[in-house]
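Subject: Structure handover

Hi,

Here is the structure I promised to pass on. Please open it alongside this email; my notes follow below.

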Amino acid sequence: MPPFEVYALKLKGAVRVGRRGLELEDTLATIPSDTLFSALTAALAADGEDPALFLQPFLSDPPQPPFLLTSTFPYAGEVRFYPAVVDWTSALSQENLREYGKRIKKVQYLSEGLFRRLLQGEPLDEYLFPKEDNAPVEKGITLQGGQVWLTVEEAERLPPALRLPKNKLIALRRQKVWQRARQPHVSVDRIRQASDIFHTVQIHFQKGCGLWFGVQWLADERHPARALLRRAVDSLQFSGLGGKRSIGFGGFEVCEGFPQNLAWELPAVRSGQAVLLLSRYHPRAAELPAALQNGRYQLVSVGGWSDPFGRENLLRQRVLMVSEGSRLNLPAYPAGKVCDVSPRSAGDLPHPIYRYGLACAAGLKAQGGQHA
């Protein structure tokens with residue numbers, strides 16, 4: 001089997017993942033690597049597997065994981081999307097950065113064609129999208145109100161529901177890969193017998209669109225983690241991903257066609273050289289400060305609730321992670337750690353509560369084709 005494996009998920013309905021783990025009124029459009037790993041581990045435990053055996057190689061110091069996991073990202077038809085870079089200065093000229101201003105900062109995802117060019121150190125200026133509705137379309141265009149950037153060539157591989165004729169490509173920016181829906185709910189106070197209304201936000205994907213994630217295998221094809229991972233994914237198809245699963249959110253099917261069968265090969269990561277993160281990352285103490293020196297990164301605070309023991313919900317400890325799209329110089333690879341985020345005031349727990357923070361990354365070359 002190849003070292004890289006892709007899972008493309010066709011969502012059966014809505015999906016929601018709290019932006020910072022607590023809010024009901026907001027949600028992420030995708031599922032971060034730490035949330036995905038927790039869901040996979042919980043699915044194995046629900047199927048009767050011992051999660052400690054699955055987790056053991058990930059908990060060593062330094063880590064010796066059989067695989068590394070990306071976050072989930074959108075796909076539309078035959079086009080996969082990747083996280084946009086945190087810092088655009090190495091991808092675009094200063095002139096274009098000034099001209100596009102907030103427009104370029106609005107971009108959250110890059111198409112595979114643009115992402116690969118970025119990894120090879122190629123500037124993306126010639127693929128910039130039109131700034132105005134009446135401007136001509138050349139090599140680049142956007143979707144989702146400017147949040148998703150792709151090439152004109154890739155626009156031909158979008159699903160029929162999104163595809164437009166060449167003379168109307170400028171209107172693609174108004175086409176939606178996903179949509180947010182706000183749904184009211186009512187809770188009843190058992191003491192006052194009074195009702196309170198609250199709202200949740202969930203994500204719905206357009207027909208022919210969904211989420212995908214990648215697995216970078218470090219162990220050979222005989223490693224038992226391969227069968228366990230597939231078993232966990234199969235189980236999650238029915239139990240669902242994210243929140244509100246009890247009302248049907250998060251169910252999916254694993255696609256067997258595009259973009260599942262598209263080859264996924266990215267430049268190798270070399271220790272001490274620049275990389276772009278495809279997952280969240282929590283550095284080990286031994287990796288600091290080298291991993292973040294001269295980097296361009298964004299930190300995200302990760303918290304939320306956990307209820308793995310059949311008892312009341314427990315508020316996990318909050319941790320800081322480096323977000324997807326960050327540019328780092330990892331001193332070693334694999335890098336990162338799986339953190340113990342067990343609540344300090346929860347008393348004796350059957351086992352610790354963990355948060356996955358191993359880096360899955362792609363090697364990055366500087367402009368001119370040399371490794372950065």
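This is a predicted model: local features need pLDDT of at least 70, side-chain atom pairs count only at pLDDT 80 or more; totals for chains, interfaces and linings use all residues.

Strand 12 (residues 274-277) pairs with strand 17 in the antiparallel sense, over three bridges.

Three strands make it up, in the order 17-12-20, and the pairing is antiparallel. Strand 17 (327-329) and strand 20 (361-363) stand at the edges. Each has a single partner strand, so one side of each is left without a neighbour in the sheet. From one strand to the next, the twist averages 40°.

Next, the surface. Val 186, Val 188 and Ile 197 form a nonpolar patch there. Together they have about 310 Å² of accessible area. Ile 197 sits in strand 9, which covers residues 195-205. Is Ile 197 buried or exposed? Its relative accessible area is 57%. The cut-off for exposed is over 50%, so Ile 197 counts as exposed.

Now the whole protein:

- Seven helices and 20 strands are present.
- The protein has 372 residues, and buried residues make up 50% of them.

Over to you.

Best wishes

Key: Residues are numbered from 1 along each chain as its sequence is written. Side-chain values use heavy atoms; hydrogens and water are left out. Patches are made of residues with over 30% relative accessible area and no salt bridge: like charges are joined within 9 Å, nonpolar side chains (Val, Leu, Ile, Met, Phe, Trp, Tyr) within 5 Å. Accessible areas come from the Shrake-Rupley method with a 1.4 Å probe; for residues, only the protein chains shown count as cover. A salt bridge is a side-chain nitrogen of Lys or Arg within 4 Å of a carboxyl oxygen of Asp or Glu. Helices (H or I, at least four residues) and strands (E, at least two) are DSSP runs, numbered from the N terminus. Buried means under 20% relative accessible area, exposed over 50%, partly exposed in between (1.4 Å probe, protein chains only). Two strands pair if DSSP finds at least two bridges between them. Axes are lines fitted to C-alpha atoms, for helices over the stretch in contact, and angles run from 0 to 180 degrees between N-to-C directions.
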